[in-house]
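The sequence and the model are shown first, and the description follows.

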Amino acid sequence: MPAPDVAALLAQLERSEPDIAEPARVAVEWLAGGEALETISQFDVCEFLWYTLPIKVPGDQATIARALGKLLRLAGMERYAALCDSPATARILLTYAREGEEAGTSAYHRELESTGVLPPDVAELSWSSIMGPEELGAHVACAAALELAIVAGEPVDREELTRRWLTAPRTELGGDCWLHRVHGERLNRWVLGRGTARRELAQPFEVRLHAPIEAPAEPHLEPLRWLLDLARTGVRLTERLNVGRAVAAEAAGRFGWAARTGLRTGARTEAPGAGSGTEPRAVRGEADVPAMTELRRIAVHDLGALRRSGRRLVLTTTGRNLLDDPAALWEAAAATLLVPAPGEHDFEISIRESALMILVDGDAVPDGDLRDRVAEVVNGEGWRSADGGRVTGVDLSHPLARLRHRLDALGLAADGVRASESPAGPSVAGDREPSAPARDAYVWRLTGTGRRAALAALRAQALRPRQYAGLG
């Protein structure tokens, strides 16, 4: 049976309790936004009472909540009316009044979670705190489905129901599913970005990133697999909690990192400088091998695949699961190319993101050229250097160095090429990395697997949930 007309309910309330008719009108306008009362859900009522009312609606909040309860009872919506009069509502409004917005919002989230109607994050989708129209529609629909299941007295697996609701083809969406709609909306938002240069660079990726990027059939991520496998029996650390010299030297030789940095791993090897009478310096420890440090950070901090136990790195349950699930390892590891380091912000991520879009088609790009193109993009986005001027190659050094070391660490970069050896000709970057001044002439190039990983990282970045500043 349809809910009564709002205007008729307000008129009835005006006759019976004129002192609360106006507060009820204010409440229902905020709650229903001109739509019929039968369209609202428990989630809508909770959000209004516990968030919108105390933050956005002027007036006596307790009176407005009570008036809304009267109106909903007249409409026969007793379950929703009970929320207006509940101890939870009184407690949350009091928390806002006494302790401020942050404490009140925390109380709201705790209470909303306890209702069971809040759609949880699932593997396929983490919800944004700032939602576009499609995601908001999906969220509201999932919340309504959870509410119906709870009211029907069914055993409710919230994650399973949310996953099913997101992925099932729906008639009202023309056979599409909510997950595709949300992904399409996020991709489009990411492509539009800020600035003409950024939009032109990103535009082709809206189609390319529509489907998941499958892991390559050939062996890949060999350095990461090697380190995780080594940790099955523990990796010894030094007093400074670095990987020991023997492990660092083995990795540098096994994965070509020594040749790229002019080091040797034991016996004399041919390396840059070896033919000029200059003996390559031996690897003395992890500090000599930036890719080893980056590999350890990926495994420990980004993936949670390793943890420190005393002076050893040991494999975690997550690490064992990743080793046993190649698809999961691929997805998780590729995404780390754009994971922010502690203290990094959107500026650094924008630099690495732009660089991957430039490199993803496999062309060799001299370092100076890459910096020029990335600087054009980030300046067009409105970023500025620390002194307020335009971003230059110097401002790009640390984010690009981190990207280079990550590509090396995961085995995604082609063998280092000097500009003088490249068909592209010599290049002078002009901005030297503090830790490696001799690599100004480096030419960037991804392997075939590296190109796929770059696409996977860009897709993960494009589909990430959009959050308010300060939220995880």
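Are W226 and F255 buried or exposed? Both W226 and F255 are buried, where buried means under 20% relative accessible area, exposed over 50%, and partly exposed in between (1.4 Å probe, protein chains only).

The model is a predicted one, in which local features need pLDDT of at least 70, side-chain atom pairs count only at pLDDT 80 or more, and totals for chains, interfaces and linings use all residues. Residues are numbered from 1 along each chain as its sequence is written, and side-chain values use heavy atoms, with hydrogens and water left out.

## Overall composition

The protein chain contains 22 helices and 8 strands; helices (H or I, at least four residues) and strands (E, at least two) are DSSP runs, numbered from the N terminus. Of its 472 residues, 49% count as buried. The chain exposes about 22,800 Å², and carbon and sulfur atoms supply 52% of this area, as found by the Shrake-Rupley method with a 1.4 Å probe, with only the protein chains shown counting as cover for residues. Among contacts with a separation of 6 or more, 67% are between residues 24 or more positions apart; a contact means heavy atoms within 4.5 Å.

## Nonpolar cores

In soluble globular proteins, nonpolar side chains tend to be buried together. A nonpolar core is here a set of buried Ala, Val, Leu, Ile, Met, Phe, Trp, Tyr and Cys residues joined through side-chain atoms within 4.5 Å. The largest such core has 80 residues, of which W190, L224, L228, W257, M292, L337 and L370 touch the most other members. Another core lies apart from it and has 42 residues, including V6, A32, L37 and I64. Leaving aside neighbours within four places in sequence, L228 is in contact with A299, A305, L306, L315, G319, L323 and L329.

## Aromatic rings and charges

The structure holds 5 aromatic pairs. Rings of Phe, Tyr and Trp (its six-membered ring) pair if their centres lie within 6.5 Å; planes under 30 degrees apart count as stacked, over 60 as edge-to-face and the rest as tilted. W226 and F255 form an edge-to-face pair, with 5.5 Å from centre to centre and 70° between the planes. This pair links distant parts of the chain, since W226 belongs to helix 13 (residues 222-230) and F255 to the loop between helix 14 (245-254) and helix 15 (257-261), 29 residues apart. Ring pairs also bring W257 into a cluster with W226 and F255.

Two arginines are placed over aromatic rings, as the table shows. A charge sits over a ring if NZ of Lys or CZ of Arg is within 6 Å of the ring centre and within 35 degrees of the ring normal.

| Charged residue | Ring | Distance to ring centre |
|---|---|---|
| R170 | W165 | 3.6 Å |
| R404 | Y442 | 4.2 Å |

## An antiparallel sheet

Strands of a sheet pair through backbone hydrogen bonds, either parallel or antiparallel. Two strands pair if DSSP finds at least two bridges between them. Strand 4 and strand 5 (residues 312-315) are joined by 4 bridges, and strand 1 is joined to strand 5 by 2 bridges. R312 of strand 5 is the bridge partner of S309, and R236 also stands opposite R312. Further along, V314 in strand 5 is the bridge partner of R307. The hairpin of strand 4 and strand 5 has 2 residues between the strands, and G310 there takes a positive phi near 65°.

## Individual positions

S41 is located in the loop between helix 2 (18-32) and helix 3 (42-56). S41 counts as buried because its relative accessible area is 6%. Not counting residues up to four places away in sequence, S41 touches Y80 and E147.

T318 lies in helix 17 (residues 317-324) and, at 38% relative accessibility, counts as partly exposed. Beyond its neighbours within four places in sequence, T318 is in contact with L303 and G304. The C-alpha atoms of T318 and G304 are separated by 6.5 Å, although the two residues are 14 residues apart along the chain.

A334, in helix 18 (residues 326-335), counts as buried at 2% relative accessibility. With neighbours within four places in sequence left aside, A334 is in contact with A453, A456 and A457. The C-alpha atoms of A334 and A460, 126 residues apart along the chain, are separated by 8.7 Å.
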